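Trainee: Could we go through this one together? I'd like to know what backs up each label.

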Amino acid sequence: MKKVLGIFGLLAAVFLITAMASDSFLKPYNLENLIRRTALFGIIGIGVAFVIITGGIDLSIGSVVCLIGCGFPFMVMELKWSVGLAVFVVFLASLLIGLLHGTLVTKLRLQPFVVTLCGLLFYRGVTRGFTRDQTMGFRNELGEFRKIATAEIDIPGMAFGIPMPCIILLIVAVLSGLFLNYTIYGRYLLALGRNEQAAKYSGINTDRMIMVAYVICSLLAGLGGMLFVLDVGSAQPSDFGNFYELYAIAAAVLGGCSLRGGEGYITGVIIGAALMQVLKNMINLIDAIPTNIEYAVIGAVILCGVAADEVVKRAAAKRKASREFEAAKAS
Amino acid sequence: MSDDQNKPPLLEVRKVCKRFPGVRALHEVSLAVAQGEVLAVIGENGAGKSTLMKILAGVQGQDIGDILIDGKTVQLDSVETALANGVSLIHQELNLADNLDVGANIFLGREPVKGLFIDRKRIHQDARKYLEMVGLEVDPATIVGELTIGHQQMIEIAKALSVDSRILIMDEPTSSLSTKETESLFKVVKDLRSRGISVIYISHRLGEVKELADRVVVLRDGENAGDLAREEIDHDAMVKLMVGRDISQFYSRTQHAPGDVMLEVDKVRTPVHPAHELSFKVHAGEIVGMAGLVGAGRTEMLQTLFGVTPALAGRIKVAGEEVQPQAPIDAIELGMVLAPEDRKQQGVVLEMSVRDNLSLASLRRDQNKGFLNRQKEREISAEMIGKMRVKTPTEHQIVQFLSGGNQQKVVLGKWLAMEPKVLLLDEPTRGIDVGAKQEIYKLMEELAGRGVAILFVSSEMEEVIGMSDRTLVMHEGCITGELPRDELSEESIMQLATGKSLN
């Protein structure tokens, strides 16, 4: 949990700085919105964390968010399907996408980067095709169902309610945490992420576990896509979900997932997602920072966070080595 | 060879010490090489030979101790400074860029240029000169990957000569050579000696050492165990210094009456040597050795039995049950397990703790409806650390920081927790120290006593002869013979391993 502590410190620092520099930051409306966005990005971040733990990567998340985000209103509004059927198709499509990625990675041994890069292009192209680039929205319908993304649960004594996505994130996080840390399958993922061959030689069906990771990732991307569009009400095929895969990956990496695989913390991913949303918020709220350098700030902060982490780790390793050497010399 | 008392040796190593986390690799090791001398450095695996050579070649630094060249202390803190001092290492695994041609490899990093561009013509011209010195007739424009291992080795030597090396270190140079290639390597080594170049020759093939060496330095457990002058070099003297004790004690074996057939391999064809059929049996309580040269297909055979590379044809029976292992799990479920040759890549997950490694295979069996059974994990870990005498501060220690012997004990402990019926071992004592080696032999003996069928592949003659009840010998993908315990000798194994029949 040491790894998560560092990033939590960074989050607290950015939070405090913004709170001091801006009057509107701590306003209930802003905080509620911040939590809602964090929850949505947290969900897709947890998804990609599973893939990163296997030593892979999923670049297609943003396009899956777009496919589902446009496809869901398309099914309900244009095709007039029932909400239940549309939700079923959303999860079926996400599942199939995950299975496809997993199969290509494990059976054909294609590189995850390549497979999901093609996915990134393909799903966006498909979405722009079937929507003919038209914005898909709910207009004023579906009010009840949209509440799973827009509603809040009031807590007595608090100035704002807990947004529904936050509840969904909590459920996803608890289930993911249990899966990763308390089931044999989670242990298998961590082991094969470190050393796939040794895991295989220990009797683990590594291909199936990698497949599971890609399926989890795409399912959560699909769930995220649906919640995103239910939250904002409409989606434009050409830019909905753009860069979301990078936010998800950044959240996972900030949260302690190693791109080499075998390491990942669910709480870390959530804190990483929160950090990025607070940063974005900070840039918007503090007048001294021009909004158009948003990406530069986010990029710089992530880089500093990851570099600082590495420096601390190396120093610790060096101290440990010299301690061992001294102990060895003494004996 | 120089008898001049006043002249300092070309290279001298004085009381060099080197430690790795948890292992004392070298302790006050000293040696000297005269100009034009072939010095053999021998010792068991884990005796410290490779570490010493890496220090001389500037790959690693020593902790304490001095290295002198021409009587002057030098700091060999990088490969470049070692080369500048005339020391070249010919690696066990060759370090050539096999996508480039011969000339480009010889001059890699020192390419002569003409203006902005590489002067290919000169490279090829100069390369010919060095190829001639090693007696190799290949066109410098040949892509290195197309050459045999033996020829590639010659190119490494030519490369070393091209930087005017005065000391060549050869680390197990014959381990992957054919008999003919070995002979031509010997010719080159003798030729180098006559040119006044010193060779440090590392090997555990004692026959080679006897033929080539002017002097032998023996290392044991990271220390000097003794020196032998030219006239003292004979097989028994070397073995005695290497092992440091009577071999019959080292390999403690009692014969067990073999029980039922536990492993039956019938006309199995592996993907690597599909032309040959493999058939043999291993009984309960029996230890069967599998000898052969590197590349004879022994590891491939074990991997096929274990389901890593599924068999193309044939039948495999474990404890009477027929199985076609398509993945390791199929073999494991019937009680057949493998401790692989490449321990760090296939045996353990280096970055995980001792406990997590020990329980990795049994998680599935002990699961609680998919959830981890932590209680059981702790039990297995405590039991196996005790039983295998794994030297580790705690069960949470990361396996990477254990010595090779202790890592191997973790691999074996992982499998013992599964109570196997058939234990496949691939080079079970490679790279581990003598003490741990003996413990592993004891364990093999103990398991055989409890009725486990053991099949072990080993390239160490002593080990095969010392441990097996019966030995199978492989050559180029087929089993060329079977030797009962009383017919085991280094000569009979070598005959079969080189494809000759016993007469």
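Trainee: What makes residues of chain B count as being in contact with chain A?
Mentor: Keep in mind that this is a predicted model. The cut-off is C-beta atoms within 7 Å, and on that basis 25 residues of chain B are in contact with 20 residues of chain A. Helix 11 (328-333), helix 12 (343-347) and helix 14 (363-366) of chain B each supply at least two residues of that side of chain B. Sorted by type, the side has 16 nonpolar, 5 polar and 4 charged residues.

Trainee: Why is helix 8 of chain A called largely enclosed?
Mentor: A residue is buried if 20 or more other C-beta atoms lie within 10 Å of its own. For helix 8 (residues 184-194) of chain A, 11 of the 11 residues are buried, so the rest of the structure largely encloses this helix. Among them are Tyr185(A), Arg187(A) and Arg194(A). The cover includes helix 2 (28-53) and helix 10 (206-232) of chain A, along with helix 14 of chain B.

Trainee: How do you know that strand 18 and strand 19 of chain B pair?
Mentor: Pairing takes at least two bridges. Strand 18 and strand 19 (residues 422-426) of chain B have 4 bridges, in the parallel sense, and Leu338(B) has Leu424(B) as its bridge partner.

Trainee: And what makes strand 18 of chain B an edge strand?
Mentor: In the open sheet of chain B, with the order 18-19-20-15-21-22, strand 18 (336-339) and strand 22 (478-484) each pair on one side only, and they are the edge strands.

Terms used: Residues numbered from 1 in each chain as written. Chains lettered and ligands numbered in written order. Predicted model: local features only at pLDDT ≥ 70, side-chain atom pairs only at ≥ 80, totals over all residues. Contact = placed C-beta atoms within 7 Å. Nonpolar A, V, L, I, M, F, W, Y, C, P; charged D, E, K, R; others polar. Buried ≥ 20, exposed ≤ 12 C-beta atoms within 10 Å, placed from the backbone.
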